[in-house]
Amino acid sequence: MSVQGDEAWDEINNYLGHIAPELTAKIEKWTGARDMFVENKIEEQLAKAFDRKVYLPSGGSLVIDRTEAMIVIDVNTGKFIGKGGNLEETVTKNNLEAAEEIARQLRLRDMGGIIVIDFIDMALESNRDQVLRRLVECLGRDRTKHQVAEVTSLGLVQMTRKRVGQGLIEAFSTTCESCGGRGIHIHSEPVRKVALDKDMDQRYVPSTQNDDLDEAESSDTVEVSEPAETVEPVEAVAPQAPAAGGRRRRRAVSTGVITPE
C-alpha cells in the first residue's frame, strides 16, 4: 500500500506499529513527483464508478439504477454482434462478460441490499446455468456475505448482498435540492404542450425591425410611368394590275389572303 503525505504516513505507520507491527513492511511512502491519484489514474476510475452506464470490452454495456427498494442492473449487447451470425452464442458470450463485470462493480461501488440483474434472454437452459455459474464464481472473491438465486425464465437473477456501510455513491454525493433525488422536474402542464406553445410564441412574434425597413423602402420608392406604346400606321398597298391573260386578283393587306374579284 502506498501512502502520500508526511502526516498520513506518520499516522498510519504509528498505528500499524502498535496494532500489527508485521504489516508495516507492506506499506511504502509515495515519493513520486506527480500526484499519486493522477499517476495511477485513480480519479479516472472514480469518475467511471460514479457513472450510471458501464461499458464492456466487447462493446456491450451495463446500466445500473438505484431505487429505494433495490438495485437494478440491465445488460445490453450494444455494438457487440458476435461472429458467425449465431444469436444464442452472441447473447451467451455477452452475458458471461457481463457477469464478471457485475461482480467487480458490486465490490467497487460497495452496493448492498436486493439486487436484480436483467440478463439478455437465452433460449437454452444450459447457457443460463453457465452464466449463473460464472456469476457465482466471480462473486466467490467477494468477502461480503451474499446469496444468489436461480435464473428465471425471463433471464432475471435475484441476489442479495449484505450492506456493510456507505456505498461509493452515498459517500461522494448529496441529494438534489431541486428534484429531491427523483431526477425529474414536474411541470404544471404536459411537457409537449409547453414546448409547442413556446415554439408558437417565438414563431409569431412581430418583428419591428422588419416593419421599419419596409416603411423606409416604400418611402424611397419613386413610381416611373412607362411611355405608351406607339402604333405605326400601316401603309395601304395599291392593287397590282393583273397579268395578261390571267384573272384579276386582289391582295388583302391585313390577312395576306388572296381573294378573286
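Reply: The model is predicted, so local features need pLDDT of at least 70 and side-chain atom pairs count only at pLDDT 80 or more, while totals for chains, interfaces and linings use all residues. Residues are numbered from 1 along each chain as its sequence is written, and side-chain values use heavy atoms, with hydrogens and water left out.

Me: Why is Ser61 called buried?

Reply: Its relative accessible area is 5%. Buried means under 20%, exposed over 50% and partly exposed in between (1.4 Å probe, protein chains only), so Ser61 counts as buried.

Me: What makes E4, where Ser61 is found, a strand?

Reply: Ser61 is found in E4, which covers residues 61–66. Helices (H or I, at least four residues) and strands (E, at least two) are DSSP runs, numbered from the N terminus.

Me: How do you know that E3 and E4 pair?

Reply: Three bridges join E3 to E4, and two strands pair if DSSP finds at least two bridges between them; therefore this counts as a pair, and the two run antiparallel. Tyr55 stands opposite Ser61 in E4.

Me: What makes E3 and E7 the edges of the sheet?

Reply: The open sheet of six strands has the order E3-E4-E5-E6-E8-E7, with mixed pairing. E3 (53–55) and E7 each have a single partner strand, so one side of each is left without a neighbour in the sheet. The twist averages 20 degrees from one strand to the next; angles run from 0 to 180 degrees between N-to-C directions, with axes fitted to C-alpha atoms, for helices over the stretch in contact.

Me: Which strands pair with E8, and over how many bridges?

Reply: E6 and E8 pair in the antiparallel sense over six bridges, with Gln158 as the partner of Val116. E7 (residues 146–151) pairs with E8 over four bridges, also antiparallel. E7 and E8 form a hairpin with four residues between them, and Gly155 in the turn has a positive phi of about 85 degrees.

Me: Why is the aromatic pair called tilted?

Reply: The structure holds one aromatic pair. Phe50 and Phe172 lie 5.5 Å centre to centre, with 45 degrees between the planes. Rings of Phe, Tyr and Trp (its six-membered ring) pair if their centres lie within 6.5 Å; planes under 30 degrees apart count as stacked, over 60 as edge-to-face and the rest as tilted. So Phe50 and Phe172 pair, and the pair is tilted.

Me: How accessible are Phe50 and Phe172?

Reply: Phe50, at 35% relative accessibility, counts as partly exposed, and Phe172, at 56%, counts as exposed.
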